[in-house]
Amino acid sequence: MASSKTITVEVDDVSYTDDVEPRLLLVQYLRERLGKTGTLIGCDTTNCGACTVHLDGVSVKSCTMLAVQADGHKVTTIEGMATDGLLAPLQEAFHQCHALQCGFCTPGMIMQSASLLTENPHPNEQEIRDGLEGNLCRCTGYQNIVAAVKSVADGTVYGDSGVSTTVDDAETAGVS
Amino acid sequence: MIPSAFDYAAPTTVEEALGLLAAADSAGDDVKVLAGGQSLLPVMKLRMADPSMVVDLGRITGLSGVTDDGDSLTIGAMTPHHVVASDPLIARHLPLLAKAAATVADPQVRHRGTFGGALVHADPAGDMPAPVLAMGATLVIAGPNGERSVDAADFFQGYFTTAVREGEILTRIRVPKFTGWGAHYEKFTRVSQQWSIVGIAAMVRVEGGTIAEARLGLTNMASTPLRATAVEQALAGAALTAEAIAAACLHAAEGTEPASDLNGDAEYRRHLAQVLAKRAVLAAAGL
Ligand SMILES: Cc1cc2nc3c(=O)[nH]c(=O)nc-3n(C[C@H](O)[C@H](O)[C@H](O)COP(=O)(O)OP(=O)(O)OC[C@H]3O[C@@H](n4cnc5c(N)ncnc54)[C@H](O)[C@@H]3O)c2cc1C
Ligand code: FES
Ligand code: FES
């Protein structure tokens with residue numbers, strides 16, 4: 001019988017210590033142990049990107065990582081993106097640009113877009129499309145997703161009003 | 001999908017890892033080395049592999065990173081693809097490697113997947129073996145009896161099979177510098193984020209109006225990566241013109257044994273090799 005391991009992981013700025021089986025995937029740990037169901041499982045085969053989270057600030061597919069591999073590391077999920085009740089610029093932009101329909105791909109899209117913008121703060125359209133090649137959307141046709149990321153890169157995300165949306169205002173943008 | 005249960009160890013030194021592999025082996029455990037997990041975990045989830053013990057190399061310091069040794073660069077086996085694609089030393093001295101790494105999978109997979117893992121995995125459709133072969137790299141393997149060095153030409157031995165034996169770990173890859181060479185990796189896929197149907201790794205050294213030297217590696221034209229020797233010979237001393245390059249690249253499928261599968265039959269792959277070789281060499285030569 002395989003023995004369990006004790007891991008300590010910081011998830012969305014909170015430290016957790018848990019005993020886990022080595023075969024437990026990071027995405028299952030996040031969803032089933034920590035209740036962080038904002039991170040979704042789409043394909044479960046490393047293709048769709050719905051499960052994308054940040055490990056020490058860079059994007060990874062949490063269906064293709066063991067929870068034990070995250071021991072001692074910092075994980076950020078979509079649930080850690082808003083600060084003080086205000087949506088992060090990317091969440092705001094997805095909301096404003098109508099960059100989602102069913103919303104299933106959205107948490108992964110936002111996490112991958114955030115990682116892309118960290119590596120390349122001013123991507124052009126092609127670089128955005130390449131940066132999102134590991135994230136599939138079955139609804140939008142990608143156009144508004146690309147527009148949303150571009151608006152953050154260009155600093156035009158708050159639109160005309162200059163007022164940002166609170167988490168309560170937006171049942172969208174993958175925050176629920 | 002959840003893998004079968006296994007025991008897990010995360011050693012912090014290569015010696016400790018080798019000890020764990022040897023102990024597991026003598027205890028009759030089916031032991032697997034885990035690097036980035038981007039090939040191993042998917043097959044474990046599908047239960048096409050069900051090791052009873054996994055030794056994770058991810059906590060060993062010193063297996064990742066790039067160092068300048070004068071005539072060559074040494075790249076740690078655990079260096080992730082995204083670092084190979086963006087490291088300034090690699091971009092300057094081994095541009096072919098940087099360009100090939102940038103075509104692997106997608107950004108998330110490139111953040112986790114490692115250079116060494118891609119070489120030991122040795123998928124015929126994988127993008128890193130052909131450049132490593134074309135550049136004549138040396139692979140350093142640690143085992144119970146110490147270290148040994150293997151030339152790339154002897155490393156890739158067959159379908160998913162390399163010179164790395166059970167109980168051994170690939171630790172680093174030494175690649176001679178090709179500073180000033182033009183390079184391009186031309187990969188053909190039907191959709192983005194796909195494995196190569198055929199890929200061509202090309203490097204040329206241009207002197208005045210002629211191609212002084214060329215090196216070409218072929219991806220997915222046999223069970224192992226291949227050198228396109230006939231093209232290399234035809235290009236050596238050839239004029240730096242599109243016509244001369246096109247003529248030389250007609251030899252690209254010579255000596256290949258491509259598979260037939262859902263992505264294309266062998267004849268289609270031979271045709272692709274010629275077309276893509278021309279594109280790759282033209283781009284490498286800056287034409
Ligand atoms: C969706 C998807 C798309 C992909 N597309 C591409 C693509 O287009 N092109 C491409 O080239 N690759 C592609 N890959 C594979 C990717 O490049 C992997 O990173 C690579 O094949 C394996 O590297 P890894 O570090 O993840 O190794 P792992 O998955 O951890 O290991 C792979 C194998 O190598 C062994 N191994 C690993 N490292 C060592 C070592 N240092 N010493 C001894 N044994 C070792 C392991 O035991 C295992 O058998 C894709 C993967 C996915 C999931
Ligand atoms: S669920 Fe992880 S990539 Fe699709
Ligand atoms: S909005 Fe439905 S999958 Fe993207």
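In this predicted model, B:Ser72 is in contact with B:Thr67, B:Arg174, B:Val175, B:Pro176 and B:Lys177, once its neighbours within four places in sequence are left aside. B:Ser72 itself is found in strand β5 of chain B, which covers residues 72-76, and at 12% relative accessibility B:Ser72 counts as buried.

The domain assignment of chain B gives three stretches, namely domain 1 (7-56), domain 2 (66-176) and domain 3 (182-284). Taken over C-alpha atoms, the centres of domain 1 of chain B and domain 3 of chain B are separated by 36 Å.

Another residue to look at is B:Thr256, which lies in the loop between α11 (242-249) and α12 (266-284) of chain B. With a relative accessible area of 9%, B:Thr256 is buried, and a polar atom of its side chain lies 2.7 Å from the backbone oxygen of B:Ala253. Beyond its neighbours within four places in sequence, B:Thr256 is in contact with B:Leu218, B:Met221, B:Leu226 and B:Arg270.

The two helices on either side of this loop also pack against each other: the axes of α11(B) and α12(B) are 9 Å apart and form an angle of about 140 degrees, and α11(B) passes α12(B) in a right-handed crossing. The residues that make this contact are set out by helix below.

| Helix | Residues in the contact |
|---|---|
| α11(B) | B:Ala242, B:Ile245, B:Ala246, B:Cys249 |
| α12(B) | B:Gln274, B:Ala277, B:Lys278, B:Val281, B:Leu282 |

Sorted by class, the contact of α11(B) with α12(B) has seven nonpolar residues, one polar residue and one charged residue.

Definitions and conventions:
Residues numbered from 1 in each chain as written. Chains lettered and ligands numbered in written order. Predicted model: local features only at pLDDT ≥ 70, side-chain atom pairs only at ≥ 80, totals over all residues. Heavy atoms only, no water. Helix = DSSP H or I, 4+ residues; strand = E, 2+ residues; numbered from the N terminus. Buried < 20%, exposed > 50% of the residue type's maximum accessible area, 1.4 Å probe, protein only. Polar contact = N/O pair within 3.5 Å; in protein donor to acceptor, adjacent residues only side chain to side chain. Contact = heavy atoms within 4.5 Å. Domains from an automatic or database assignment. Axes fitted to C-alpha atoms, helices over the stretch in contact; angles between N-to-C directions. Left-handed = near helix turned anticlockwise from the far one by under 90°. Nonpolar A, V, L, I, M, F, W, Y, C, P; charged D, E, K, R; others polar.
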